[in-house]
Amino acid sequence: MKNQTAVLLLALAAMAPAAQAQDASAGEKKAAMCIGCHGIPGYQASFPQVHRVPMISGQGAKYIANSLAAYKSGERRHPSMRGVAWSLSEKDMADLGAYYEKHGASSMKTVADMPAVQPSTEVAALLAKGGCVACHGANFSKPIDGAYPKIAGQHADYLYVALNAYTVEGNANVGRGNAIMVGQMKQFKRDELKLIAQYVASLPGELRTLPQNKFK
């Protein structure tokens, strides 16, 4: 409990209000560069690591904007995403976030407040150790603030790569620098991160990959 409370306090202290007004219609017009990976169900990235690209339709607008800003600043290291984010203004990022938050919303089912599938004793202990519920919600689809992602149902291989990235140092192409997540993830072995990723991926979620036509 102390560990979760500490994580929550750090998380609240790190929150920043959205700096830009969001325009989903404008975001739709700016999404052409995203569609080539995030608009193809099952699409797999091959560099710098092999994994299915994350589902972002239905993801929180603030989280998407913050993630793009982190790729642009270098806090998140990924050559392709940095190349995309480098050309975006804060307004562009906010608009893209607003678009993807609403994208496919009409087809999304409400996720129960508590997971339908309970974790094993081992995984429950890992989740408690990481304080995961404190930020991402008990169902992992209702984060305490829009700055944090919905992760329920996300691809397991992507979740593992993302979690492990917080433990990587000195690599120009791989890594994430969020201080809270770095501190939490460095507690775990890789096999433990895989167990967390597999459990979270097995849960019902609001995230989707919806086919998109760049020639609209």
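Me: What share of the contacts between residues at least 6 apart in sequence join residues at least 24 apart?
Reply: In this protein, 76% of those contacts do; a contact here is heavy atoms within 4.5 Å. Keep in mind that this is a predicted model, where local features need pLDDT of at least 70, side-chain atom pairs count only at pLDDT 80 or more, and totals for chains, interfaces and linings use all residues. Residues are numbered from 1 along each chain as its sequence is written, and side-chain values use heavy atoms, with hydrogens and water left out.

Me: Fine. How many helices and strands are there?
Reply: The count comes to 11 helices and 4 strands.

Me: On to helix packing. At what angle do helix 7 and helix 11 pack?
Reply: About 100°, and the axes of helix 7 (residues 121-130) and helix 11 are 10 Å apart. An axis is a line fitted to C-alpha atoms, for helices over the stretch in contact, and angles run from 0 to 180 degrees between N-to-C directions. That makes helix 7 roughly perpendicular to helix 11; the label covers 65 to 115 degrees, while under 35 is roughly parallel, over 145 roughly antiparallel and the rest oblique.

Me: Which residues meet there, between helix 7 and helix 11?
Reply: Helix 7 brings E122, V123, L126 and L127, and they meet E192, L195, I196 and Y199 of helix 11.

Me: What about helix 4 and helix 5, how do their axes cross?
Reply: At roughly 105°, with the axes of helix 4 (residues 61-73) and helix 5 (residues 79-86) coming within 8 Å. Helix 4 and helix 5 are therefore roughly perpendicular as well. On the helix 4 side you have L68, Y71, K72 and S73, facing M81, R82, A85 and W86 in helix 5.

Me: Switching to rings. How many aromatic pairs are there?
Reply: There are 2. Rings of Phe, Tyr and Trp (its six-membered ring) pair if their centres lie within 6.5 Å; planes under 30 degrees apart are stacked, over 60 edge-to-face and the rest tilted. Y99 and Y100 are both buried. F140 and Y199 make an edge-to-face pair too, 6.4 Å centre to centre with 85° between the planes.

Me: Where do F140 and Y199 sit?
Reply: F140 is in the loop between helix 8 (132-136) and helix 9 (156-165), and Y199 is in helix 11 (residues 190-201), so the pair ties together parts 59 residues apart in sequence. F140 is buried at 2% relative accessibility, and Y199 is buried at 8%.

Me: What's phi like at F140?
Reply: Positive, near 60°, and F140 isn't a glycine. Most residues other than glycine have a negative phi, and most peptide bonds are trans.

Me: Speaking of peptide bonds, cis or trans from F47 to P48?
Reply: That one is cis, with omega near 0°. P48 lies in the loop between strand 1 (44-45) and strand 2 (51-52).

Me: Back to helix 11. What does R190 touch, beyond four places in sequence?
Reply: Y160 and N164. R190 is in helix 11 and is exposed, at 54% relative accessibility. Its C-alpha is 9.9 Å from that of V161, 29 residues apart along the chain.

Me: Last one: where is G205?
Reply: In the segment after helix 11. Leaving out neighbours within four places, G205 contacts V111, S141 and A152.

Terms used. Buried means under 20% relative accessible area, exposed over 50%, partly exposed in between (1.4 Å probe, protein chains only). Helices (H or I, at least four residues) and strands (E, at least two) are DSSP runs, numbered from the N terminus.
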